[in-house]
Amino acid sequence: MIKHKRIERSFDDCSRCIDSSRLAKHNIIAVGINTYLAVVEWDGLDDEHLIIVPTQHCSSSIQLDENVWDEMRLWRKGLVALWKEQNRDCIFFEMSRHVDSNPHVYIECVPLEQEIGDMAPIYFKKAINECEGEYMDNKKLIETKDLRRQIPKGFSYFAVDFGLSNGYAHVIESHDHFPATFATEIIAGMLDLPPKKWRKRETDEMSKQKSRAEKFKQLWEPYDWTKRLKNSEATTSAASSSSSSSKR
């Protein structure tokens, strides 16, 4: 009962759930059926640093229903296409830490210059192989083919993909030796960014958040697959109204 109440409270306090009063709705780019796309509320690694988020509370990607997982892939495909038009590559990563405390999962999306994106797998492979010391119960580096079948449910883990290609995963055994900034530190190093860009995520001014969101909405419009959903719903509604009128 106590655990159930704690989980309920985490839903109420969650800043990622779509119905939460704490959600920064001004950062949302578009909303799908089970997921949404948003700019980050902190000073990200790029002005187009984004997150893909399930609308309902879930603590890791491996716990998502298949239809939610598939929808998150749709966002990725659109982002890869958008950034390819800019001659850029991208990285998608998930830091699923302390899953027993029931956090809300999200996938971070960071665009990179093409030549840096080409080198990213080498940087991450080396960093994962060197993390958490020598003695571990699990294999350090998992080359992902199907993440949801390679990581047991209930485990904390880190996962990174490179564009639409599979990437790497790592089961986190010691949170003290695997920092929450693991991925952002690597990417910031690749981009030669200052430490303030990855050490601490402080919420940016609302005006800056809104500005980033509005700019990206314009970029995203040609790739916005959610428009097809709205058009389909409108067509269905119109057909239903027409049918009702003819019966009368």
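This is a predicted model: local features need pLDDT of at least 70, side-chain atom pairs count only at pLDDT 80 or more; totals for chains, interfaces and linings use all residues.
Start with the overall build. The protein chain has 248 residues, and 46% of them count as buried. It holds seven helices and eight strands. Now take the contacts with a separation of 6 or more: residues 24 or more positions apart account for 67% of them.

Strand β4, residues 88-96, runs antiparallel to β5, and six bridges join the two. Strand β3, residues 50-54, is also antiparallel to β5, joined by three bridges. Leu50 stands opposite Cys109 of β5. Phe92 also has Cys109 as its bridge partner in β5. In general, side chains in a regular strand alternate between the two faces of the sheet.

Stay in β5 and move to Glu108. Its side chain meets that of Arg201 in a salt bridge, at 2.8 Å from N to O. This pair links distant parts of the chain: Glu108 is in strand β5, while Arg201 is in the loop between α5 (182-191) and α6 (206-220), 93 residues apart. Are the two partners buried or exposed? Glu108 is buried, because its relative accessible area is 4% and the cut-off for buried is under 20%. Arg201 has a relative accessible area of 34%, so it counts as partly exposed.

Other salt bridges follow. The structure holds 12 of them. One joins the side chains of Asp146 and Arg149, at 2.6 Å from N to O. Asp146 counts as partly exposed because its relative accessibility is 28%. Arg149 reaches 67%, so it counts as exposed. Another salt bridge joins Asp204 and Arg212, at 3.0 Å from N to O. Here Asp204 is buried, and Arg212 is buried too. Asp46, Glu48 and Arg88 form one network, joined by salt bridges that share partners.

Now the aromatic rings. The count comes to 11 aromatic pairs. Take Phe93 and Phe158, a tilted pair with 6.4 Å between centres and 45 degrees between the planes. What does this pair tie together? Phe93 lies in strand β4 and Phe158 in strand β7 (residues 157-162), so the pair ties together parts that are 65 residues apart in sequence. Phe93 is buried, with a relative accessible area of 3%. Phe158 is buried as well, at 0%.

These two rings belong to a cluster. Ring pairs link Phe93 and Phe158 with Phe124, Phe162, Tyr168, Phe178 and Phe182. One further ring has a charged neighbour: Arg16 lies over the face of Tyr106, at 4.7 Å from the ring centre.

Terms used:
Residues are numbered from 1 along each chain as its sequence is written. Side-chain values use heavy atoms; hydrogens and water are left out. Two strands pair if DSSP finds at least two bridges between them. Helices (H or I, at least four residues) and strands (E, at least two) are DSSP runs, numbered from the N terminus. Buried means under 20% relative accessible area, exposed over 50%, partly exposed in between (1.4 Å probe, protein chains only). Contact means heavy atoms within 4.5 Å. Rings of Phe, Tyr and Trp (its six-membered ring) pair if their centres lie within 6.5 Å; planes under 30 degrees apart count as stacked, over 60 as edge-to-face and the rest as tilted. A charge sits over a ring if NZ of Lys or CZ of Arg is within 6 Å of the ring centre and within 35 degrees of the ring normal. A salt bridge is a side-chain nitrogen of Lys or Arg within 4 Å of a carboxyl oxygen of Asp or Glu.
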